[in-house]
Amino acid sequence: MTKAKDKGDNTLLSSLPELSRRKLLGGVVAAGASTVFGNFTIFSRQAHAAEPLRVLCWPGYEEKDVIAEFEDLHKTKVEFKIYIGGEQMLQFFSQTAPGTFDAIISDAEYVQKLKAQKAIEAYSTKGFDELANYHPKFRDFAPTKGETEGTVYGIPTRFSFYGISYNTEEMSAEEAADWSSLLNPKYEGKIGMFDWYLPNLGNASLAINPGNQTPYTIDDAQLAQVKEFLMKLRPQIGMFGSSNQPIAQAMLAGDVVASPTGDLDIDLKLAGYDNFASTIPKQGGIRWQEVATVCSASKNKDLAMEWVKYMTSPKVQSKLVYTKAFKARGPNMKIVDYWDDDQKKLLSYVPDPENPGKMLVETLIDRSMPRGLPSNQPEQAWIDIFNEFKTA
């Protein structure tokens, strides 16, 4: 959704704020032949094949470079229904008959909602050899653990961060490493913010309670402190963006110098602008991640499990996180074996000078916490705080 990738009509996309973590092409879903099921269209890369696998997912998974090897190996086709945002995913699923989908790529926090609907089932990780190459925070991933040892409801496939993106000519790396820097009076009206409550309240939770491994599990007193932090931040906010694009454009124009919307720098750098960077502040930051799940009503579970296993491969992830749809990061650390030096540098898979023996991306993972859903208050309570903050 930043300048370098935005080639299509974003009218629909901009109306769905959860998309802002993505840098989507307007026409990304037009990947191949299409097949109509019920009242929606599933996109298929091949027009004719027996025993298709049907997947509900974010954009990128359907791209030829990502899925072709699987289709060739299993002599099948994979049909994709593309969604934009977790709520749309739930809507699409509920509108279809049981058994329509074999697998779902879900944002990790939405696994809770899929489980509540009995839409997905736990599966064993036995035989998933590539998990040994995952970063530890994704190998033992609490948001998707099953009820019995060695089972999960989903395995991570793609992730990235909601840290601070900033103009290096206006903000120093030292300032960007501390959430409190956003409160500096010199940045009044110069901060751009993504218009969605979940990552912003999560980051504020970490700002007032540094290092909390569960920033969405806080008591009412801590939630009141989150609100207080946001209200202090309000004079600094010069704009709210429904997507990455307007925030990135405002940064290019100089109207915004920083944003608690990580990774804006990736597309800006690809577009030739080198004076932008992003980081996770020392107090911690929110991390989003997608996971591969298997549908309870699938009639093709064996093939679905093979597809999940396929998605754990570093070779596949190296393509998945570098699609036309957008750029992200992969949890399999062997992904670097399939990238050139420019790709490694762009996505932070390079040595961290401050932490010998670690890649910079590993440091950022260690400093970040999974995006989640409020667990001690209803979602609406958090939404109401964000809306009050916006209109203050």
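Is glutamate 87 buried, partly exposed or exposed? I looked this up first. Glutamate 87 is partly exposed, because its relative accessible area is 44%. The cut-offs are these: buried is under 20% relative accessible area, exposed is over 50%, and partly exposed is in between, with a 1.4 Å probe and protein chains only.

**Ground rules.** I am working with a predicted model, where local features need pLDDT of at least 70, side-chain atom pairs count only at pLDDT 80 or more, and totals for chains, interfaces and linings use all residues. Residues are numbered from 1 along each chain as its sequence is written, and side-chain values use heavy atoms, with hydrogens and water left out.

**Helix α3.** Next I looked up glutamine 88. This residue lies in helix α3, residues 86-94. Helices are DSSP runs of H or I with at least four residues; strands are runs of E with at least two; numbering goes from the N terminus. Glutamine 88 counts as buried, because its relative accessibility is 16%. A polar atom of its side chain lies 2.6 Å from the backbone nitrogen of isoleucine 84.

**Salt bridges.** I searched the whole structure and found 19 salt bridges. Each one is a side-chain nitrogen of Lys or Arg within 4 Å of a carboxyl oxygen of Asp or Glu.

I started with glutamate 87 and lysine 113, whose closest N and O atoms are 3.1 Å apart. Glutamate 87 is in helix α3 and lysine 113 in helix α4 (residues 111-116), so the bridge ties together parts 26 residues apart in sequence.

Then I took glutamate 109 and arginine 371. Their closest N and O atoms are 2.5 Å apart. Glutamate 109 sits in the loop between β5 (103-107) and α4, and arginine 371 in the loop between β16 (368-370) and α15 (379-391). The pair links distant parts of the chain, 262 residues apart. Both glutamate 109 and arginine 371 are buried.

Lysine 186 bridges to glutamate 175, with 3.0 Å between the closest N and O atoms. Lysine 186 lies in the loop between α6 (173-176) and β11 (191-194), and glutamate 175 in helix α6, so this bridge ties together parts 11 residues apart in sequence. Glutamate 175 is buried, with a relative accessible area of 16%.

I also noted a network: salt bridges that share partners join Arg54, Lys77 and Glu79.

**Nonpolar core.** Which residues have the most contacts inside the largest nonpolar core? They are Leu201, Trp307 and Tyr349, and this core has 114 residues. A nonpolar core is a set of buried Ala, Val, Leu, Ile, Met, Phe, Trp, Tyr and Cys residues joined through side-chain atoms within 4.5 Å.

Notes
A polar contact is a pair of N or O atoms within 3.5 Å; within protein, one must be able to donate a hydrogen and the other to accept it, and residues adjacent in sequence count only if both atoms are side-chain atoms.
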